[in-house]
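Let's take a walk through this one, starting at the surface and working towards the charged pairs. Keep the 3D view open as you read.

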Amino acid sequence: ANARKRAQEACERMELKMEDQLVEGGFQAALSAFIDDLVTFPTAILKGPVIRKKPRLTWTQGANGFECVVEDKLVLEWERVDPFMLYPMPQVTGFDDGGLIERHKLSRQALQELKGTEGYSDDAIDQVLEEYGRGGLNEWLYVDTMKAEVEGKSVAAVAQNADGLIDALQYWGSVQGKLLLEWGMDKTMVPDELKDYNCEVWTIGRWVIKAVINPDKLGRKPYFKASYEEVPGAFWGNSVADLCRDTQSQCNTAARAMANNMGIASGPQANVNVDRLPSGEDITQMYPWKIWQTTSDPYGSSAKPVEFFQPGLVANELMSIYSFFSMLADEHTGVPRYMTGDMSGSSGMRR
């Protein structure tokens, strides 16, 4: 009974410690962003735990009693990975199937925080900071320009690296032992230089700031992914936006046509015989109580010089088309309407 009680208390303390680590490491915020990516992008990616050095307030005992001081501590953090910044190898279907590269945009402060962390080379980081200070390492890719255009940002600012960020590549995968030795890894960690080892390697420009053997004995990587709809044999899946792309296009077309039709049918249109208008008569403006000046028909016709007609309003028909494809989108995505507040449900739910 005592052993069971002690085990229960130990489990409760460990549960509290794990919960504290998740809260302090930003797991809830990362999970919230992950869920948002799940319905937006083909694949949502969560990374963690990542060890970083962060300033923390601690109480230490001094000559005058306990006092609060700031100390740099290694903490566990979780983060959402931007799908645009992850590059798996072509044959990879999961994180543990092969190599991948995560691209990072690091500030000088973020890079400095890596110093003193196990596995990172302080000397290489100093060399990177020095080279960046001389105007180097301002890399950018074409995808940055495309992303800036979509987000409405200045393309010139991206090309000139106005944010002052340093491009870093984090590689997870197999590396030959000979290369690891050239990068400064200890010989005891690489007994066979012709053998491939599962590693984590960080490169910035021509500098290797980190090269370590993957601490996981099974070669697993600290990434987790999910797709709203998985595609067999593929790394990327389908999001809600992918599944309702066709129906969304039809809804948008119907909405645009309805807006145009409402504008055209909002008032009468006129058919004017310009041969019967005197010189200088303005036919580009129509307003209430307007007086139309006309002349006699030179051909003796009795047709009216100005005739008005009302274009037909087909908004109800277009609304029916919109509603049909909107309900069809519920079927394609599997998201019934009642989940967003509509108690009538989708067409599938009504059956």
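Start with Leu74, which counts as exposed because its relative accessibility is 52% (buried means under 20% relative accessible area, exposed over 50%, and partly exposed in between, with a 1.4 Å probe and protein chains only). Leu74 sits in strand E2, residues 65-81; helices (H or I, at least four residues) and strands (E, at least two) are DSSP runs, numbered from the N terminus. Together with Ile51 and Leu76, Leu74 makes a nonpolar surface patch with about 250 Å² of accessible area. Patches take residues with over 30% relative accessible area and no salt bridge, joining like charges within 9 Å and nonpolar side chains (Val, Leu, Ile, Met, Phe, Trp, Tyr) within 5 Å. The areas come from the Shrake-Rupley method with a 1.4 Å probe, and for residues only the protein chains shown count as cover.

A quick word on the ground rules: this is a predicted model, where local features need pLDDT of at least 70, side-chain atom pairs count only at pLDDT 80 or more, and totals for chains, interfaces and linings use all residues. Residues are numbered from 1 along each chain as its sequence is written, and side-chain values use heavy atoms, leaving out hydrogens and water.

Now for the charges. Side chains of opposite charge can pair when their charged atoms come close. Count a salt bridge whenever a side-chain nitrogen of Lys or Arg is within 4 Å of a carboxyl oxygen of Asp or Glu, and you get 10 of them. One of these pairs Arg206 with Glu131, with the closest N and O atoms 3.9 Å apart. That pair links distant parts of the chain, 75 residues apart: Arg206 is in the loop between strand E6 (196-204) and E7, Glu131 in helix H4 (residues 122-133). Arg206 is exposed at 63% relative accessibility, while Glu131 is buried at 16%.

Glu200 and Lys210 also form a salt bridge, at 3.1 Å between the closest N and O atoms. Glu200 lies in strand E6 and Lys210 in strand E7, so the pair ties together parts 10 residues apart in sequence. Glu200 is buried at 7% relative accessibility, and Lys210 is buried at 10%.

Glu200 also touches Asn214, as do Trp172, Asn198, Cys199, Gly219 and Arg220, not counting residues up to four places away in sequence (contact means heavy atoms within 4.5 Å). Asn214 is in the loop between strands E7 (207-213) and E8 (223-226), and is buried at 9% relative accessibility.
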